[in-house]
Amino acid sequence: MGKVALITGVTGQDGAYLSEYLLKLGYVVHGIKRRSSLFNTERIDHLYEDPHVENRNFILHYGDMTDSLNLTRIIQEVQPDEIYNLAAMSHVKVSFDTPEYAANADGLGTLRILEAVRLLGLTEKTRIYQASTSELYGWVREIPQTEKTPFYPRSPYAVAKLYGYWIVVNYREAYGMHASNGILFNHESPLRGETFVTRKITRSVSKIALGQEKCLYLGNMSAKRDWGHAKDYVRAMHAILQQEKPDDYVIATGVTTSVRDFVRMAFSEVGITLQFEGCGIEEKAVLQSIDESLFIETVGSEYLPSIQLRLGDAVVAVDSRYFRPTEVDLLVGDASKARNVLGWEPEYDLAMMVKEMVNADIKLMKRDAFLQAGGYKTLKYFE
Ligand code: NAP
Ligand code: F7E
């Protein structure tokens, strides 16, 4: 019999990659998804199994991190060996608009999971992974950040996650629970939510290259992040729960890059070189040169006649609406402990990830253009 895992936030970026990973390892995976008025399972549709199939390995339950009764019932039904608590209102900027909800879902939600496991008498059986975050370091006290670096959260999201972090430590110490924090630095992928900065950039680069958009508007381009690939990071989550003793681990690449340099890298994937001019709110980036053969190779010759890219055009500009009331300027993690204890190493570097994300978005934007142009009807007609 394979192990049974329960994943909250199964419809998110990490939930999707972790489900795939655990299913390949022979787990039975249960996931909690929210009720929504539109389908919200796009990232996991390829894993979906019809409820009429016998002995399913991938089972979804409706639930919400703000509903204790619902969480307790699901945990009782599933009797999981491992819980991965990934559900959260995970957008830092949005947490300034919805601070109470972020505290409820991200902070108290974590408590609800821990307390349900305790009340159901599953303390000995069920191991818990908590999705903690490098945002805890906020206004960083040292560079690079380790498991010992003091926290200084800078957003309602980070403050809610601080509660989540400490309540996990407290339940571990108070009740001997196998509960661990993964302090994960930013991790991205083609499945990343569209409003996080990396995906926003790779989507815009693709649209600009295909002539569907003229300019990408960003906030603070000087912010620096330690960006890894989500596929690498879900392996670390699993490894943390396979340890005999629960503990907390930093998961990071150790390399930090500015948003501005991420923009440069993404445009250069389609053969475009940018020149940045001005500073602060006046900063913009103009098209300096285009490597035509690389452009045609990546974007595809069938799209060229409709594209109007001119040297000197501004394709990136600053919009202050994307600034945050308090910013996290620089994050870079030291994952030595994870390397030594878990044997964890990332397989992706930033350049590989940017390439994968840009290519995936170009494909997606071409598909969207095809559908908008009536492709859908054509496909239907021939079905
Ligand atoms: P994500 O793509 O935003 O996914 C979040 C998931 O949580 C989604 O499935 C979402 O459901 C679900 N969710 C949100 N509020 C919920 C609620 N009240 N009840 C039930 N489910 C709810 O985030 P991610 O990038 O995969 O990150 C996974 C976790 O790691 C999050 O806790 C995040 O805060 C944390 N984290 C992320 C990073 C990173 O760089 N990605 C780094 C450190 C920590 P819908 O699909 O319906 O919205
Ligand atoms: O911003 C700057 C922005 O929203 C990164 C979440 O997964 O990772 C994520 O949080 C940086 C910030 O991620 C835009 O000001 C500039 O400095 O992609 P982001 P985040 O805030 O680091 C951590 C580890 C988590 O735990 C979170 O759940 O980019 N930035 N211009 C922008 N950011 C956005 N979103 N949009 C802009 O236009």
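Me: In which loop is Asn-55 found?

Reply: The model is a predicted one, in which local features need pLDDT of at least 70, side-chain atom pairs count only at pLDDT 80 or more, and totals for chains, interfaces and linings use all residues. Residues are numbered from 1 along each chain as its sequence is written, chains are lettered from A and ligands numbered from 1 in the order in which they are written, and side-chain values use heavy atoms, with hydrogens and water left out. Asn-55 is not a glycine, yet its phi is positive, at about 50°. With strands taken as DSSP runs (E, at least two residues; helices are H or I, at least four, and both are numbered from the N terminus), the residue is found in the loop between strand 2 and strand 3.

Me: In what order do the seven strands of the open sheet with parallel pairing stand?

Reply: Two strands pair if DSSP finds at least two bridges between them. Strand 3 (58-62) and strand 11 (249-251) each have a single partner strand, so one side of each is left without a neighbour in the sheet. From one strand to the next the twist averages 20°, where axes are lines fitted to C-alpha atoms (for helices over the stretch in contact) and angles run from 0 to 180 degrees between N-to-C directions. The pairing is parallel, and the order is 3-2-1-4-5-6-11.

Me: Which residue in strand 3 stands opposite Val-29?

Reply: Strand 2 (residues 28-33) and strand 3 run parallel and are joined by five bridges. Opposite Val-29, the residue in strand 3 is Phe-58.

Me: At about what angle does helix 2 run to strand 3?

Reply: Helix 2 (residues 68-78) lies across strand 1 (4-8), strand 2, strand 3 and strand 4 (82-85), contact meaning heavy atoms within 4.5 Å. Relative to strand 3, the helix runs at about 155°.

Me: What is the order of the open sheet of four strands?

Reply: Strand 8 (216-218) and strand 13 (272-277) are the edge strands, each pairing on one side only. Neighbouring strands of this sheet are turned against each other by 25° on average, direction ignored. The pairing is mixed, and the order is 8-15-14-13.

Me: Which residue in strand 14 stands opposite Phe-276?

Reply: Strand 13 and strand 14 (residues 284-290) run antiparallel, with six bridges joining them. Helix 8 (residues 259-268) lies across strand 8, strand 13 and strand 15 (314-318), at about 150° to strand 13. The residue of strand 14 opposite Phe-276 is Ala-285.

Me: Which strand or helix supplies the largest share of the shell around ligand 1?

Reply: A residue is near a molecule if one of its heavy atoms lies within 4 Å of it; of the 25 residues around ligand 1, Thr-11, Arg-34, Ser-90, Tyr-101 and Tyr-157 come nearest. Helix 1 (13-24), helix 4 (99-119), strand 5 (127-133) and helix 5 (156-175) each supply at least two residues of this shell. The largest share, three residues, comes from strand 5.

Me: What percentage of the area that ligand 1 exposes when taken alone does the protein bury?

Reply: Oxygen atoms of ligand 1 make polar contacts (here, pairs of N or O atoms within 3.5 Å) with the backbone of Gly-12 at 3.0 Å, of Leu-86 at 2.9 Å and of Ala-88 at 3.2 Å. Taken alone, ligand 1 exposes 890 Å², of which the protein buries 90%.

Me: What percentage of the accessible area of ligand 2 does the protein cover?

Reply: Ligand 2 is surrounded by 23 residues, the closest being Ser-90, Thr-133, Tyr-157, Arg-324 and Glu-327. An oxygen atom of ligand 2 lies 2.7 Å from a backbone N or O atom of Ser-90, while side-chain N or O atoms are 2.7 Å away in Tyr-157 and 2.8 Å away in Asn-186. On its own ligand 2 has 690 Å² of accessible area, and the protein covers 95%.

Me: Where is Pro-144 placed?

Reply: Ile-143 and Pro-144 are joined by a cis peptide bond, with omega about -5°. The place of Pro-144 is in the loop between strand 5 and helix 5.

Key: A polar contact is a pair of N or O atoms within 3.5 Å; within protein, one must be able to donate a hydrogen and the other to accept it, and residues adjacent in sequence count only if both atoms are side-chain atoms. Accessible areas come from the Shrake-Rupley method with a 1.4 Å probe; for residues, only the protein chains shown count as cover.
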